[in-house]
Amino acid sequence: RTLLHRAAIAATKPLSALATLPGIYTACRYMEAYLAYLLGKGSVSLNDLKTEVRSVLSCVTREKPVIFDIGANIGEWAALIHSMRNDATVYMFEPAPDCHDAIRALNLPRSILIPMAVSDTPGSATLYSSAERNSGASLEKRTDTLYADRNFAEHKVGVTTIDQVIEDYKLPYVDFVKIDIEGHELSAIRGAKKALAAGKIGAFLFEFGAGNVNAKTFFRDFWDLFTNAGFALYRVAPTRLLEIKGYYEDLEYFGGETNYIARLKNPPISGR
């Protein structure tokens, strides 16, 4: 135990008495959240889409890459991909009918709209949506704090899997899969079991946070799945990718949404 450590322990009680005073307590909570933001935790709402897309494209090395946009909403993310990599082919997955016209109106080249949700098994499911073109729509019934006071409509939608689409379109390799489906991400990744085993996907971007409370999934589930499949994991901080070198419990952060990238360590296809 260093002198600094002993001093910190000695100061715990008086500092805690100060930090929990009315007024100061609230300020400390904001500071706690802000420090988490600086490390990338819960920072999705602070990161602009361009920063996110640049992080994605840093993992794409092939010419004419194939990219999956799962949870395309109205196509803004896919449009940015095309503006930075006009040689990419983007498959956009979006089950909400209200979003389809907006996606088609973009008239993006080399883009395929798949008007279905993505999960671990094909079929049908209920989509819960609180508004037209709502980015918080999910196959998980939302009870997290951000959406607790909203009324949700229920829509029956078709469901496919990543493996099924790769098979249907005869895709030898998918360079990148972005998944933003409000807590249902783990199920979508589990629907790529064959592709993961065959090394047919180079990297993923997925969200983890408040939506996972509804799905009752933990970061440990993502960690085990990806590391067992030969992927390295990184948290997307505001200015860089931070490699997650080992699992630890404070990765279970539900205060907002955090972006993570999982990148295959030894991709069978790289460069040109």
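Trainee: Which residue stands opposite Ile179?
Mentor: Phe206 in strand 8 does. Strands here are DSSP runs of E with at least two residues, and helices are runs of H or I with at least four, numbered from the N terminus. This is a predicted model, where local features need pLDDT of at least 70, side-chain atom pairs count only at pLDDT 80 or more, and totals for chains, interfaces and linings use all residues. Residues are numbered from 1 along each chain as its sequence is written, and side-chain values use heavy atoms, leaving out hydrogens and water.
Trainee: How many bridges join strand 7 to strand 8?
Mentor: Three, between residues 176-179 and 203-209, and the two strands run parallel. Two strands pair if DSSP finds at least two bridges between them.
Trainee: And what is the strand order in the open sheet?
Mentor: The eight strands go 3-2-1-7-8-11-9-10, with mixed pairing. Strand 3 (111-114) and strand 10 (241-244) are the edges, each pairing on one side only.
Trainee: Switching to rings: how many aromatic pairs are there?
Mentor: The count is 13, taking Phe, Tyr and Trp (its six-membered ring) with centres within 6.5 Å; planes under 30 degrees apart are stacked, over 60 edge-to-face, and the rest tilted. Phe219 and Tyr260 make a tilted pair, 4.6 Å centre to centre with 50° between the planes.
Trainee: Where do those two sit in the chain?
Mentor: Phe219 is in helix 10 (residues 219-228) and Tyr260 in strand 11, 41 residues apart.
Trainee: Is Phe219 buried or exposed?
Mentor: Buried, at 0% relative accessible area; buried means under 20%, exposed over 50%, and partly exposed in between, using a 1.4 Å probe and protein chains only. Tyr260 is buried too, at 1%.
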